[in-house]
Amino acid sequence: MSHDQRHGLARHISLPGPLPLDGGGSLSPVDIAYETYGTLAPDAGNAVLVCHALTMDQYVASDHPRTGKPGWWRKMVGPGCPIDTDRYFVICSNVIGSCMGSSGPASIDPASAKPYAMTFPVITIRDMVRAQAMLLDHLGIQRLKAVIGGSMGGMQALSWPATFPDRVEAAIVIASTARHTAQNIAFHEVGRQAVMADPRWQAGDYYGGEAPSAGLAVARMAAHITYLSEAGLTEKFGRRLQARADGAKGAKSFGFDADFQVESYLRHQGLSFVDRFDANSYLYITRAMDYFDLAEEHGGLLANAFRATGARFCLVSFDTDWLYPTSESRTIVHALNAAGARASFVELSSPYGHDAFLLDAPEMNRIVAGFMGGER
Amino acid sequence: MTLRPDLAIIADHVEPGSRVLDIGCGDGALMAALRDRRGVDARGLEIDAGNVAAAMARGLSVIQGDADTDLAGYPDDSFDYAILSQTLQTTPAPDLVLDNLLRIGRRAFVSFPNFAQWRVRLSLLWGGRMPVTRQLPERWYDTPNIHHLTIDDFREYLKHRGIVVEGSWFLSGDKRTADALANLLAQHAVFLLRRAGTNDRLSG
C-alpha cells in the first residue's frame, strides 16, 4: 500500500477552487470524496479514472459504507480484472452535485453556514469532469491512461477527451450517449416532479427535517423501469403474484397492495434508494444529464468534439438497452470516424437492458481487458 | 500465424506505415499482420459481434457495423487503402460499396471468389446443382453470397466504370494462376484498384 495520504480508500479533499461552472458562477470550495486502488507509478503514467453513473458513487470496488453492499463494478475493477489494480492506479470520485461526500446541495454553504439546498449551482457533466481534473491535479496526475464509465459515467468518459484532449490516452464509453433525447429528459422530468410534489420537499429546504422520501422513491421506481428491458422484466416477474401475508399464494387482493411481484420489486427499489440518496442531489444530477449535448458544446457538430484529441475510444452498447440504445453509440462512432479517431465499437447481446453494464458481463469484461491491453 | 492466401497477397502489397480500413475484417487477422509486420495504422469494420470482440482483444480498432450502411460517415480519402476481402459478393449493393471503397481509400483491395471457376461450372452444368465446393461450402439456402460474380464480370464492371486496375492476383487454392485463364482456373481473385484521374503516388 502507498503511504501517500492522498491515496487509498475513503479519501476526502476540500480544494479551494474556485471551479468555474458552465452555468456561470463558480463553486468554492470544491469538496471531493474519492477512492484510489493500486499503486501510482513513479511517473504517474498508470492512472485510470472510473466515472460513476447517476446514483452510484466512489465505492466502485469496495463495500458501500451505508448499504454494506460490495462495490458496484467489482467484476470490472480489481486485481486481475479488466481494469487491473495490480497494474493501474484507479481513481473513482463522487461527482459534484452528489451526496456521498463531494460538494452537492446537502453540503454546507460557507456563506450561510447552512446546507446549500436549491442555492447550489446547477452543474453540467463537463463541470463534473472539470472537478475530476482538479482532483487529478491534486494527485499529481497530468495524464490518464484511460477514463471509463457506463451510462452517466460514459458521458463523463466521452466528455473527458473533448474537454481535456491532451490528458486522456483512451476512453471507454459503455451504454451511454452523446446527448439526452426528448424521451430521456421526459423520464427525468417525471422523477423530478415526483420529488417536488412531495410536501416534505419544501422547495428543497428539508435538511434537518423529514426528507421527501415518498417522492424520491417514486422517481426511482420510474427510472428503474428504464434500466430494465421488457423481456428481462417478463423473465424475472411475468405476471406472477406475490405470496400474501396470510400465506395465500398467487391470489389477487382486489385492492391496491403490491399484488404483482414486479410491483413489490419496484417498491423495494424505491424504498432502499431513499436510504442512501439525497433527493436534491437527484434533481441536480438528472438536470446535468438532461443538459448534456456534447455536439452543442462543439459548434453543433459532434465530430468537432474529437478533433483535438489523440485518444483511443472503445464504445459498447447492449441490444436490449432502450434508455441509451445502440443507435446513440453508433452516432458517436460515426462522429469519431469523421474525426479520424481510433475507435472500436461493439453491440453486445444481453437480456438485461441498460443495467447490463453493471451486471457480470463476461464479454464486456473481455473487450475492456483487450482494449486496455492494446496500447500501441 | 499464417494468413489466408488472398490476405497474404494484400499484406505483401500494402505500403508500410500507411493507413488502412479493412471492411469485413473478421477477427482482425490481416489488420494484426499489417500492424505487426508493416507498421500500418489499421482500422476495421466487421458485422459479427464475436469477431469484433476477438479483434478488440488483439488491441485493434474495430467497429461493429455494416458495409452497406456504415461507410458513409468516413470522409473522402481518409485512408491510403480500403480493403474488402471476400465480402463484395455478400452485400446487397456491391456497386455502392465499391463506390464508397474508392471514395474513402486512395486505393482499394478487393478480393472475391470466382464463380466461373471450372469446378463451379461443372457442378452447375453436369450436376444441375448450385455448387458446394471447399471454397464455397454453403448450400444455396444458407450461403451469405447473394451477388455471384466472375473475374470477367468484375473486369468488365471496372472497365465500364473507368476504375484503374493497379494489380491483380489469381489463386487456385494457395497457388497463383496465370492471368489468361484466370476466369476458368482461379478460385479467388485479388484486385488493387484506384479511381481514374487520381494521382498514382501515395500521398499519405
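This section describes the domains, core, chain contact and selected local features of a predicted model. Residues are numbered from 1 along each chain as its sequence is written, and chains are lettered from A in the order in which they are written. Local features need pLDDT of at least 70 and side-chain atom pairs count only at pLDDT 80 or more, whereas totals for chains, interfaces and linings use all residues.

Chain A is divided into domain 1 (11-182 + 292-373) and domain 2 (184-284). These bounds come from an automatic or database domain assignment. The C-alpha centres of the two domains of chain A lie 26 Å apart. Contact, meaning C-beta atoms, placed from the backbone, within 7 Å, links 26 residues of domain 1 of chain A to 21 residues of domain 2 of chain A. The side of domain 1 that touches domain 2 has 14 nonpolar, ten polar and two charged residues. In this classification Ala, Val, Leu, Ile, Met, Phe, Trp, Tyr, Cys and Pro are nonpolar, Asp, Glu, Lys and Arg are charged, and the others, Gly among them, are polar.

The largest nonpolar core holds 175 residues. Such a core is a set of buried Ala, Val, Leu, Ile, Met, Phe, Trp, Tyr and Cys residues joined through C-beta atoms within 7 Å. A buried residue has 20 or more other C-beta atoms within 10 Å of its own, an exposed residue has 12 or fewer, and a partly exposed residue falls in between, with C-beta atoms placed from the backbone. A:V48, A:V50, A:V90, A:V147, A:A171, A:I172 and B:A82 touch the most other members of the core. Domain 1 and domain 2 of chain A both give residues to this core, so it lies between them. Leaving aside neighbours within four places in sequence, A:V48 is in contact with A:I83, A:Y88, A:V90, A:L144, A:K145, A:A146 and A:I148.

Within chain A, helices α1 (residues 125-139) and α2 (residues 152-163) pack at an angle of about 70°, with their axes 9 Å apart. That makes α1(A) roughly perpendicular to α2(A). Angles of 65 to 115 degrees count as roughly perpendicular, under 35 as roughly parallel, over 145 as roughly antiparallel and the rest as oblique. Axes are lines fitted to C-alpha atoms, for helices over the stretch in contact, and angles run from 0 to 180 degrees between N-to-C directions. Helices (H or I, at least four residues) and strands (E, at least two) are DSSP runs, numbered from the N terminus. A:I125, A:R126, A:M128, A:V129 and A:R130 of α1(A) meet A:M155, A:Q156, A:S159, A:W160 and A:T163 of α2(A). This contact has five nonpolar, three polar and two charged residues.

The contact between the chains takes 22 residues from chain A and 16 residues from chain B. On the chain A side, α8 (326-338), β14 (342-348) and α9 (362-373) each give two or more residues. The largest share, seven residues, comes from β14(A). By class, this side of chain A has eight nonpolar, eight polar and six charged residues.

The axes of α9(A) and α3 (residues 49-57) of chain B come within 7 Å and cross at roughly 35°. Here A:E363, A:R366, A:I367, A:G370 and A:F371 meet B:A53, B:M56 and B:A57. Five nonpolar, one polar and two charged residues make up the contact of α9(A) with α3(B). In α3(B), B:V52, B:A53, B:A54, B:A55 and B:M56 are buried. Their cover includes β14 and α9 of chain A together with α2 (29-38), β2 (41-46) and β3 (61-64) of chain B. Just after α3(B), B:G59 takes a positive phi of about 80°.

Elsewhere in chain B, helix α4 (residues 94-104) has B:P94, B:V97, B:L98, B:N100, B:L101, B:L102 and B:I104 buried. These residues pack against β1 (19-23), β4 (79-85), β5 (105-113) and β8 (188-194) of chain B. B:I83 lies in strand β4 of chain B. With 31 C-beta neighbours inside 10 Å, B:I83 counts as buried. Not counting residues up to four places away in sequence, B:I83 touches B:I10, B:V20, B:L21, B:D22, B:I23 and B:F109.

Chain A also has cis peptide bonds. One runs from A:G17 to A:P18, with omega near -5°. A:P18 sits in the loop between β1 (11-15) and β2 (19-20) of chain A. Another joins A:S28 and A:P29, with omega about -5°.

How values were computed
Two residues are in contact if their C-beta atoms, placed from the backbone, lie within 7 Å.
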